[in-house]
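Work through the exercises below with the sequence and the 3D view at hand. Try each task before reading its solution.

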Amino acid sequence: MAEAGSFADRVKQQADIVRVVGEYVRLKKSGQNFTGLCPFHAEKSPSFAVHPSKQIYHCFGCGVGGDVFKFVMEMEKCAFPEAIRIVAEKCGIAVPRQKERSPEERKENQQRALLVEMHREAQTFFVKQLEATPEGKAARAYLEDRGLDKEAMTRFGIGYAPSGGDVLLRHLKPKCNEKLLVESGLVSRDQSGGRLFDRFRRRITFPIANESGKIVAFGARALGDDMPKYLNSPETPIYSKSNVLYHMDRAKEGIRRQDFAILVEGYLDAIAVARAGISNVVASCGTSLAEPQIKLLGRFTRRVIVNYDPDAAGQIATERSLSLLLEQDFEVRVLALPPIGNKKADPDLFIREKGAEEYLKLLKEALPYVDYLIARARQMDLTSGEGKRQAVNFLLPYVQKIPNRILRSEWATRIAQQLRLDEPVLRAALSKAAAERRSELKIQPELVARAAKPVERRLIRMLAEAPGFRQELAKQLQNAGLYHGLETEKIFEALVIASLSGQPVQATEVGEALEDRDRRLLFEILFEEANEPTWEEAMSCIEALQHRRAERELADVQRSIEANPPGQELRGLLEKKQELMRRLAAAR
Ligand SMILES: [Zn+2]
């Protein structure tokens, strides 16, 4: 993938895979390699290895492997160009400015950069208003009342938009033109299309950052009884509500590490949970989750605990989000917080009243989503036939969305038991529903490395690594067709082609072209402890292969002879046998 001479190639030459991987995995030196716990599968003893000189990684447990870019792509769930950029940044290599394709594109990029800059400016402005103005003092009192101290305000960049109506506008105006001001969403134009005024007035502001931590929008809560209670930035060239999750920029590390995310509704909930020491929390900032948000989350984990508000709107939002998450093959649990007194508790209120520890305890006990749904269904009147039908109709769409057939069947049994339903009837409804499903679970190709013979392993290693005679070795192997019929044939073929090209062989690129189990075997071979290869050794390996082939041929000939063929043919076979035996004897 990294073309010679390209920027990617340069980054790869300079990047230190141990350092880059080391930012994600605790690595320990072990012989010539570094090893650690594999970040791609759960394990207790390390089977994940990084090779510093070959600049590759490989897991002997789950079989993943590749170069530094592949690693970053897998970890960050990003595309190749993004991985190059990340690696370059981690290694302090200057990234060349991207070439814009057209003047329009350049203009758009400039505009986006200006909008981001404007949001940065607005953020500084809002924070200052909160900290240093009389109006801000009232906002501070409100925040303190909600348990947010100075430290929290600073940590989450909370600010205040004053009531004046054009205070921010006047602050930004000398630096930006009117058109851009309106496009930023920070400023609105009145109905008649004339006067400009601040979008956020007399509101507490929460900066909303995109995944890379740049502020692209604001959420704002009314300080008084102004409606709406919560007001967000509109859609702009730098912000789309359905693409952003609040707190994602700070949560992603924790989400990846713990392999699950907590999903809450609002900023204050996310802030409360994060302050309780649970960093892997994000807020959807809306009543329901949108598909792009799920895709974003899916880059870091497939496990989510949904902790929405317990009111009716929150329940509907929970259920709608559940459907979407299930469709995307997420493992979902639901935390429904118990009421405090007679007040329904959102995470913010709950943590304030009951403390972080109690919240954490309930989080650990969060129900698998089906149990949550069954509990919901049980609230329906299950004594009547109509009520039961209703309950099944409520549950069925969710069960239907489970991509895994076995799981689906297990849940059907549980639902039948818990709701005291007639299981065959429920199953009939389910299988009808299942028949309507188009996609079935894809089965992973079997990841089983096979035992290649030592001679093959040695030759593969030489083809991959002995620059001095690699090309000559490849020629000999190809001319004699020595690897045909071996279980390693595909690996040999790929390496021989790469060696004959005269270009340096990149193990990861050869690996890319192979099937998974072949790539896995190739990487295992590359990680074996081995001496410097020599030409003499290469020749003796070739002889060994020739010997093996002669033995195979001899066995074939012997079988044909024993089949008692007609005289002419038998004579030929006997001659062949003599010759093969001579060859084998000479090789000894
Ligand atoms: Zn692994």
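**Exercise 1.** State how the residues lining the second largest pocket divide into nonpolar, polar and charged.

Solution. Ala, Val, Leu, Ile, Met, Phe, Trp, Tyr, Cys and Pro count as nonpolar, Asp, Glu, Lys and Arg as charged, and the others, Gly among them, as polar. On a 1 Å grid over the protein atoms alone, a pocket is an open set of points where a 1.4 Å probe fits, with protein on both sides within 12 Å along at least five of seven lines; lining residues have an atom within 4 Å of a point. Step 3: sort the lining, which gives 14 nonpolar, six polar and 15 charged residues. The lining has 35 residues, and C38, P39, F40, H41 and M75 lie nearest the centre of the pocket.

This is a predicted model, in which local features need pLDDT of at least 70 and side-chain atom pairs count only at pLDDT 80 or more, while totals for chains, interfaces and linings use all residues. Residues are numbered from 1 along each chain as its sequence is written, and side-chain values use heavy atoms, with hydrogens and water left out.

**Exercise 2.** Identify the donors of the zinc ion and explain why their arrangement is called tetrahedral.

Solution. Step 1: donors are N, O and S atoms within 2.8 Å of the metal (3.2 Å for Na, K and Ca). C38 (SG), H41 (ND1), C59 (SG) and C62 (SG) coordinate the zinc ion at 2.1 to 2.3 Å. Step 2: four donors count as tetrahedral if all angles lie between 85 and 135 degrees. The angles here are 102 to 121 degrees, so the arrangement is tetrahedral. Step 3: the spacing of the donor residues in sequence is C-x2-H-x17-C-x2-C. H41 lies in the loop between β2 (33-36) and β3 (48-51), and C59 in strand β4 (residues 56-59), 18 residues apart.

Key
Four donors count as tetrahedral if all angles lie between 85 and 135 degrees; four count as square planar and six as octahedral if opposite donors are over 155 degrees apart and all others between 65 and 115; anything else is irregular. Helices (H or I, at least four residues) and strands (E, at least two) are DSSP runs, numbered from the N terminus.
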